[in-house]
Amino acid sequence: MIQWAKDVWEGFWTVLVGMKITWRHMFTQKVTLNYPEEKWQLPPKSRMRLFMAYEDCIGCGQCARACPVQCIYIKADKRDPKATPIFAANGQPIKLDVTVFDIDMSLCCYCNLCTYPCPTNCIYMTPEYEFATTDLTNHLYHFAKTGAKFLTVNPKAAAKPAAGAAPAAPATPKPAPPTPAPPTSGTPPAPAAPSGSAPPAPAGA
């Protein structure tokens, strides 16, 4: 009988020990995040999916040389000297036609090393992390391909106007000059004397 009571107490005690953390969290504030309706605010310099502004690329290939896993593929040819000059957003002339600019995000290690040597800042990490897929070929981005999916989708947010900037006040229109009153008699009115001059002498003086 005593052994049975010990076994019952030991079983009850082990349940209490195992439920200690559960009991402790029953009386604390909930921290559950209802994803995807609720999401954590990521840091400003989060390193997630890469993006490349193709219109600013000069084809130098420095990002591909800096990549430790070689997930960036670039091919560029010299532009026709007679072609119309084009420039990047920072004013640097573009002398190469980039025919291939592919990024394989399935190989990327998110080190951000490719963004530092870019002279035009056209490649950068974005805070977009929801791009999982069951097909690895969907992680191969063709930025130089005509009609590419990510050619015009720029995830970088546009700059917001300054909070203290007040809207410009509309220009106040100038008042129209007063219209002179018509003369009451047939005699035309005498012209006004210019400012600073003596008044006219009376007739017969």
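Begin with the salt bridges, where a salt bridge is a side-chain nitrogen of Lys or Arg within 4 Å of a carboxyl oxygen of Asp or Glu. By this rule, the count comes to three. Side chains of opposite charge can pair when their charged atoms come close. The model is predicted: local features need pLDDT of at least 70 and side-chain atom pairs pLDDT 80 or more, while totals for chains, interfaces and linings use all residues. Residues are numbered from 1 along each chain as its sequence is written, and side-chain values use heavy atoms, with hydrogens and water left out.

**Stop 1: Lys39 and Glu130**

Select Lys39 and Glu130, whose closest N and O atoms are 2.9 Å apart in a salt bridge. Lys39 lies in the loop between α2 (20-25) and β1 (50-52), and Glu130 in the loop between β4 (123-125) and β5 (140-142), so this pair ties together parts that are 91 residues apart in sequence. Helices (H or I, at least four residues) and strands (E, at least two) are DSSP runs, numbered from the N terminus. Are these two residues buried, exposed or partly exposed? Lys39 is partly exposed at 43% relative accessibility, and Glu130 is partly exposed at 41%. Here buried means under 20% relative accessible area, exposed means over 50%, and partly exposed is in between (1.4 Å probe, protein chains only).

**Stop 2: Glu128 and Arg49**

Next select Glu128 and Arg49, which form a salt bridge at 2.6 Å, N to O. Glu128 is in the loop between β4 and β5 and Arg49 in the loop between α2 and β1, so the pair ties together parts that are 79 residues apart in sequence. Glu128 is partly exposed, at 30% relative accessibility, whereas Arg49 is buried, at 10%.

**Stop 3: Arg79 and Asp97**

Move to Arg79 and Asp97, a salt bridge with its closest N and O atoms 3.4 Å apart. Arg79 lies in the loop between β2 (72-78) and β3 (96-104), and Asp97 in strand β3, so the parts tied together are 18 residues apart in sequence. Arg79 counts as buried at 18% relative accessibility; Asp97 counts as partly exposed at 36%.

**Stop 4: the whole chain**

Now colour the chain by secondary structure: it has three helices and five strands, in the order α-α-β-α-β-β-β-β along the sequence. Of the 205 residues in the chain, 21% are buried.

**Stop 5: the cavities**

How many cavities of 30 Å³ or more does a search of the whole structure find? There are two. On a 1 Å grid over the protein atoms alone, a cavity is a set of points where a 1.4 Å probe fits but cannot get out, and lining residues have an atom within 4 Å of a point. Grid points are joined across faces, edges and corners, and a volume is the space filled by probe spheres set on the points.

The largest cavity holds about 80 Å³ of space. Select Cys57, Cys60, Cys63, Cys118 and Cys122, which lie nearest its centre among the 14 lining residues. The second largest cavity holds about 70 Å³. Of its 13 lining residues, Cys67, Cys71, Cys108, Cys111 and Cys114 are the closest to its centre.

**Stop 6: helix α1**

Finally, select helix α1 (residues 2-18). Val17 is found in this helix and is partly exposed, with a relative accessible area of 45%.

Notes: On a 1 Å grid over the protein atoms alone, a cavity is a set of points where a 1.4 Å probe fits but cannot get out, and a pocket is an open set with protein on both sides within 12 Å along at least five of seven lines; lining residues have an atom within 4 Å of a point.
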